[in-house]
Amino acid sequence: MSVAGKGTVTIRHAYTRLAAAIAFVLIVLSLGADVMSQQILHTHPSRQDLQHAYLPPFSDGHLLGTDSLGRDILTRCLHGGRTSLGLALVVAIGAVFVGAA
């Protein structure tokens with residue numbers, strides 16, 4: 001690779017910008033899915049159905065399958081994501097107030 005002049009884009013620079021764009025899109029999609037999880041999925045994360053225990057992914061309407069109690073894993077992951085986002089928001093707001101003091 002040669003030395004790049006001012007205003008040129010190197011392969012390394014283009015790669016890091018692409019990686020940052022992909023990471024940004026994944027974060028936005030994750031945030032959107034977590035926030036909209038109640039509208040996307042109509043089941044409660046603790047709802048048990050022992051008839052559908054241990055279903056593999058992509059079976060019987062369960063995208064990620066079910067656990068030993070028949071609970072939908074995707075619903076539980078999205079519900080946990082909402083909890084994590086709420087906690088992260090509280091910590092970020094607290095850090096702003098502590099840092100401003």
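Me: Where in the protein is confidence lowest, and where is it highest?

Reply: This is a predicted model, in which local features need pLDDT of at least 70, side-chain atom pairs count only at pLDDT 80 or more, and totals for chains, interfaces and linings use all residues. Residues are numbered from 1 along each chain as its sequence is written, and side-chain values use heavy atoms, with hydrogens and water left out. The mean pLDDT (the predictor's confidence in each residue, from 0 to 100) is 86 for the protein, and 90% of its residues reach 70 or more. By element, where helices (H or I, at least four residues) and strands (E, at least two) are DSSP runs numbered from the N terminus, the lowest mean is 82 in helix 2 (residues 37-40) and the highest is 90 in helix 3 (residues 73-100).

Me: What is the radius of gyration of the protein, and what does the globule rule give?

Reply: The secondary structure comes to three helices and zero strands, and the C-alpha trace spans about 65 × 45 × 20 Å along its principal axes. The radius of gyration is taken over C-alpha atoms, and the globule rule is 2.2 Å times the number of residues to the power 0.38. For 101 residues that rule gives 13 Å, so the protein is more spread out than a compact globule, with a radius of gyration of 21 Å.

Me: Which element gives the most to the lining of the largest cavity?

Reply: On a 1 Å grid over the protein atoms alone, a cavity is a set of points where a 1.4 Å probe fits but cannot get out, a pocket is an open set with protein on both sides within 12 Å along at least five of seven lines, and lining residues have an atom within 4 Å of a point. Grid points are joined across faces, edges and corners, and a volume is the space filled by probe spheres set on the points; the largest cavity holds about 40 Å³. Its lining is made up of S37, Q38, L41, T43, T75, L78, H79 and R82. The elements that give two or more residues to this lining are helix 2 and helix 3, and the most, four residues, come from helix 3.

Me: Which residues that line the largest pocket are the closest to its centre?

Reply: The largest pocket has a volume of about 190 Å³. Its lining divides into three nonpolar, eight polar and four charged residues, where Ala, Val, Leu, Ile, Met, Phe, Trp, Tyr, Cys and Pro count as nonpolar, Asp, Glu, Lys and Arg as charged, and the others, Gly among them, as polar. Of the 15 lining residues, the closest to the centre are T43, G61, H62, D72 and T75.

Me: Are R71 and D67 buried or exposed?

Reply: The side chains of R71 and D67 meet in a salt bridge (2.8 Å, N to O), the term standing for a side-chain nitrogen of Lys or Arg within 4 Å of a carboxyl oxygen of Asp or Glu. Buried means under 20% relative accessible area, exposed over 50%, and partly exposed in between (1.4 Å probe, protein chains only). In the protein, 18% of the 101 residues count as buried, and R71 and D67 are both buried.

Me: What is the phi of Y54?

Reply: Most residues other than glycine have a negative phi. Y54 lies in the loop between helix 2 and helix 3 and counts as exposed, at 64% relative accessibility. Its phi is positive although Y54 is a residue other than glycine, with a value near 60 degrees.
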